[in-house]
Amino acid sequence: MIATVFRLELRRSRSLVGWMALLGVAYAGTMSLFYPRMVESNQALQEWLKVFPKELVAAFGMEAGLTDPGTFFNVYIFSMLWPIMAAIVGILLATRPVAADFDRGFLELSLSTRVSRVRYLLASVAMQVVAMVVLAVLTVATILVVGPLIGYPWDAARFSMAALLLVTSGCAIAAVTLLLAVVTLSRATAGGIVAGALVIMYLLHAVAAIEPSLGDLSYLSVFHYLDPVAAIDTGAVPVQGLAVFAVVAVTCWLASLWAFSRRDLLA
Amino acid sequence: MSNVIETHALTRSYGSRRGVMDVELAVAEGEVFGFLGPNGAGKTTTIRLLAGSIRPTSGWARVLGLDTWSQATIVHREMALLPSDPGYLPELTAGEQLEYLCALRGLPRGAWRRLCERLELDPTVRIGKLSRGNRQKVAVVQVFMGRERLLVMDEPTTGLDPLMQREFLSLLAEARADGRSVFLSSHNLPEVERGCDRVAIIREGRIIDVSPVQALLGEHWRSINLVVDAPVPPGTFDLPNVRVLAAGARDLHLMARGDVNPLIRRIAALEVRDIAITTPDIEDVFMRFYDRSEPEAEPAAGSEAAAEPATAPGPVAEPEPGPEHLAAAGEVTR
């Protein structure tokens, strides 16, 4: 039963995941091709960055300079493109099987069969994980494939750690959305709360970077933990980020399963 | 004969909104049970409680002896549900949608094909491109395609044309012949009349009458308009269950209830040019139960409500027919 539900989820998700993967590959590839020009223009770039207030440079995490690989890929891909992709895919996939299908009257039909609510939702969770893995792996793999072509054979192990961080962060976003979708049975409410919270967290992260006295605010932001710079530059395992995202994801998924198995299918 | 559905003091409240209160139902194995009520009366809430989609506030509902909420997944092995206005996935074809539901219900692949052919439903068309009626055919196919012992349907013929409604009644009869039980919520009284053994009427969340269908309808007045070639001799329609409302030179308006065979025999003796019979529709039946201004009277003959007045108050007595019945809407057969 769970395989049947998962296959349907896979089918319904392929277009969304496909287009998002294409976006990730195209963007990551383009930015990777752009990296040598960054290095060549390092001196001019440093002069250019001096034009900006230090606070603004700090807010975008560019203090280390854009020729640093970790900073470059973090600024342009991992903390910019990825959160957008993860939010779009996470919100759409996590709200669809519960809230959206409830609205259209499909959920009641599916759950009137032999499949239990827990198994039904587990199939959705599996789809969320698969989608995040596909997107993160393809995005990072593109960087690794383009690297040798531009004369920068990146360390696959270090970028794999970055990919793992992307996967767990995407899963955390999807899991929180799923929990909200189960609780509210409203796609708009669940998606709106998560999207709004991500914007607020981005601002908190920026404010914390600009004003040192408010630095602790960054701990409330997903962007504080979504930082693979050290992993790419030094090979350090991003333990804090992985742990936080994993705990949030697993907790929210378990809470979703618990709540879904007990709640009325009633808005 | 055991009961496939049993409820006791089944209550579901939605805060300030009314749900259902103290619903007592017992549907026997092999029975086709109709469930009538206007919009908002509590039909869909009752069906959701039976399907385990929502939890009772108090009381309980059992299907095949199993609690519908805590043992829902086991109940679903023996129950096929056609919910009110089911939403299929527009990106799938009808066949793909039905195949998916087959898999979830543990049915063999293609279990839906025979019924699609019978209902003239093209399974290769995407759901999103199907008309309202054809989408309802998908719903009918999915509820009948399995071998579950109990079929629960919420207004299954909405949007179906008369030919398909007839086909639906055939499927219902076949299900009954196979010993399957059916719980059928409907607005369509002829459908209930032709397909059901017993019927429950729900008003404002409470069951107000449970009767065999014939007992329910037999108590109700039918309107008969006759056009004849020659004047009718006086006393022709002096029957205890017939009233002559208007008698012209060649046209008559009669009201009849109960056994109509004596009346038909007398009409057959005349030279009839035209006849129109208006059967009672759901509005007529509801009027009996819904007119709060009238004092409550004894339930219909055969009504189970008569045996349990505490849980199912009797209907309001139907008034003698008057001119207002002329305007009653209903199914007209010529």
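Predicted model: local features only at pLDDT ≥ 70, side-chain atom pairs only at ≥ 80, totals over all residues.

Me: How many helices and strands does chain A have?

Reply: Chain A has 12 helices and 0 strands. Written along the sequence, that gives α-α-α-α-α-α-α-α-α-α-α-α.

Me: And how do I judge whether chain A is as compact as a globular protein of that length?

Reply: Compare the radius of gyration with what the globule rule gives. For chain A the radius is 20 Å, close to the 18 Å given by the rule for 267 residues, so chain A is as compact as a globular protein of that length. Its C-alpha atoms fill a box of roughly 65 × 45 × 30 Å along the principal axes. As for burial, 44% of the 267 residues in chain A are buried. You can look at sequence separation too: of the chain A contacts between residues at least 6 apart, 74% join residues at least 24 apart.

Me: On to chain B. Where are its domains?

Reply: Domain 1 covers 3-216 and domain 2 covers 222-279. Their centres, taken over C-alpha atoms, are 39 Å apart.

Me: What's the idea behind a sheet, and in what order do the strands run here?

Reply: In chain B, 6 strands make an open sheet with mixed pairing, in the order β6-β7-β8-β3-β9-β10. At the edges stand β6 (79-82) and β10 (206-212) of chain B; each has a single partner strand, so one side of each lacks a neighbour in the sheet. From one strand to the next, the twist averages 15 degrees.

Me: Can you show me one pair, and what packs on the sheet?

Reply: Take β7 (residues 150-154) and β8 (residues 181-186) of chain B, which pair in the parallel sense over 5 bridges. There, Leu151(B) has Val182(B) in β8(B) as its bridge partner. Helix α6 (residues 162-177) of chain B packs on the sheet, touching β3, β7 and β8 of chain B, and its direction makes about 150 degrees with that of β8(B). Helix α1 (residues 43-51) of chain B lies across β3, β6, β7, β8 and β9 of chain B, at about 150 degrees to β7(B).

Me: Last one: how many residues are in contact between the chains?

Reply: 17 residues of chain A are in contact with 20 residues of chain B. On the chain A side, α1 (2-40) and α6 (106-110) each supply at least two residues, and α6(A) gives the most, with 4 residues. By class, that side has 7 nonpolar, 6 polar and 4 charged residues.

Definitions and conventions:
Residues numbered from 1 in each chain as written. Chains lettered and ligands numbered in written order. Domains from an automatic or database assignment. Pairing = 2+ DSSP bridges. Axes fitted to C-alpha atoms, helices over the stretch in contact; angles between N-to-C directions. Contact = placed C-beta atoms within 7 Å. Nonpolar A, V, L, I, M, F, W, Y, C, P; charged D, E, K, R; others polar. Rg over C-alpha atoms; globule rule 2.2 N^0.38 Å. Buried ≥ 20, exposed ≤ 12 C-beta atoms within 10 Å, placed from the backbone.
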